[in-house]
Amino acid sequence: MLLREVEYAKPASVAEALELLAANDGARALAGGQTLINVMKSRAASPDMLVDLNGLEELRGIELAGDGTLTIGAMTTYSELMASAEAKARPILGEVCATIADVQVRNRGTIGGNVCSNDPTNHLPPLMVAVGARMTIAGAAGEREVPAEDFFLGVYMSAAGPGELLTRIAIPAGKQDGFAAVTLGADGTCIANAAASMNGSLRVALGCVDAVPVLLTAESPEGVAEAVRAANLTPPFDVHASSEYRAHLAEVLATRAAQEAVAR
Amino acid sequence: MDVTVTVNGTTYERDVEPRKLLIHFLRDDLDLTGSHIGCDTGNCGACSVIFDGVLAKSCMLLAVQANGANVETVEGLGEDGELTPLQQAFNEHHALQCGYCTPGMLMSATALLRENPSPSEDEIKKALQGNICRCTGYWNILEAVKSVAK
């Protein structure tokens, strides 16, 4: 498919990328391109300029601090995360990334792209909310940190606004996590998904049922289904699932994710 | 934009529009028509190439992103008209029917075997997940890859 005409810039630093994004209203950051290039083909997005973040080493890499906090650069690919010895400190991260699409997509697609595109069917938004991730956003005024539950603002919208970039994600220490999904084919698009993390009590985040992940808490896996019902979900419907069926899946998957979390 | 890209060991310099996808650059500008366009939505894997050592779908990359990159396509697999053991195995195991998906299958299996010369059956299936065979000839493709796994 021939894309609409577009300008292309490959900045040498995050500072330069931010300048380009701030100076051009129609500019969009190009991360792995595994979503953006396709929505450009369909004209669902028509940026005037692509600011290619590939090559910005300062946005890559995974660090494990002494207190167990993992810091993941936004341009880290799924494959890099899966292969990272440091990322094994929080095993759920690599496990979930291994179920995203296919090898080719995992080799190019990035952690930052997954959360910033905030497609409600993406895997990482609910996972980031459940594990209590903190997102660092850079802009003209400097850096700010936003908790994951405040990062996702709407369908395809995040707290990283125009002229800003997500630069890294910090994930606190922890191991008792779970993730469950019903997908279109093995490792396909999620019809519904849920992530859970146990840290004294359970944090459960539901995907695919609202514009942003729905965060619930429960004392134990037995209480999760009731917490989901109490959220009075009215999920979207499509050819794959009615609203009622998605709400049902949310209960089932939230319970499975919670059971996996406490069993670790 | 001026782009310098090495494809299968040959370096090319071309002037390309930023909107041109890598698959179109390979096929239309360089006349390397081995890589195919199947779905053009990133699903089918017929356009798979090895991009700086990493398997990728060339319909989700811009040609300008390949500036300075080393790209391997199906044309680069055999040397001097000799098939690679993997290509030979595809022949022997009838691992192609219409052949449209074959270039992508070969690149994905090549990338797998470089990284893991002894993949299990499950690892082969997982590695070929991004490549769709619309003839549904998966069984023989799996047999072919298995036969060259050490």
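In chain A, 11 residues of domain 1 are in contact with 16 residues of domain 2; contact means C-beta atoms, placed from the backbone, within 7 Å. Helix α1 (residues 14-23) of chain A gives the largest share of the domain 1 side, five residues. Helices (H or I, at least four residues) and strands (E, at least two) are DSSP runs, numbered from the N terminus. That side of domain 1 has seven nonpolar, four polar and no charged residues. Here Ala, Val, Leu, Ile, Met, Phe, Trp, Tyr, Cys and Pro count as nonpolar, Asp, Glu, Lys and Arg as charged, and the others, Gly among them, as polar.

This is a predicted model: local features need pLDDT of at least 70, side-chain atom pairs count only at pLDDT 80 or more, and totals for chains, interfaces and linings use all residues. Residues are numbered from 1 along each chain as its sequence is written, while chains are lettered from A and ligands numbered from 1 in the order in which they are written.

Now chain B. Five of its strands form an open, mixed sheet in the order β2-β1-β5-β3-β4; pairing requires at least two DSSP bridges between two strands. The edges are β2 (10-15) and β4 (54-57) of chain B. Strand β3 (residues 48-51) of chain B pairs with β4(B) in the antiparallel sense over four bridges. Within β4(B), B:Leu55 is the bridge partner of B:Ile50.

Finally, the chains meet. Chain B places 21 residues in contact with 23 residues of chain A. On the chain B side, β4(B) supplies the largest share, four residues. That side has 10 nonpolar, eight polar and three charged residues.

Note on methods:
Two residues are in contact if their C-beta atoms, placed from the backbone, lie within 7 Å.
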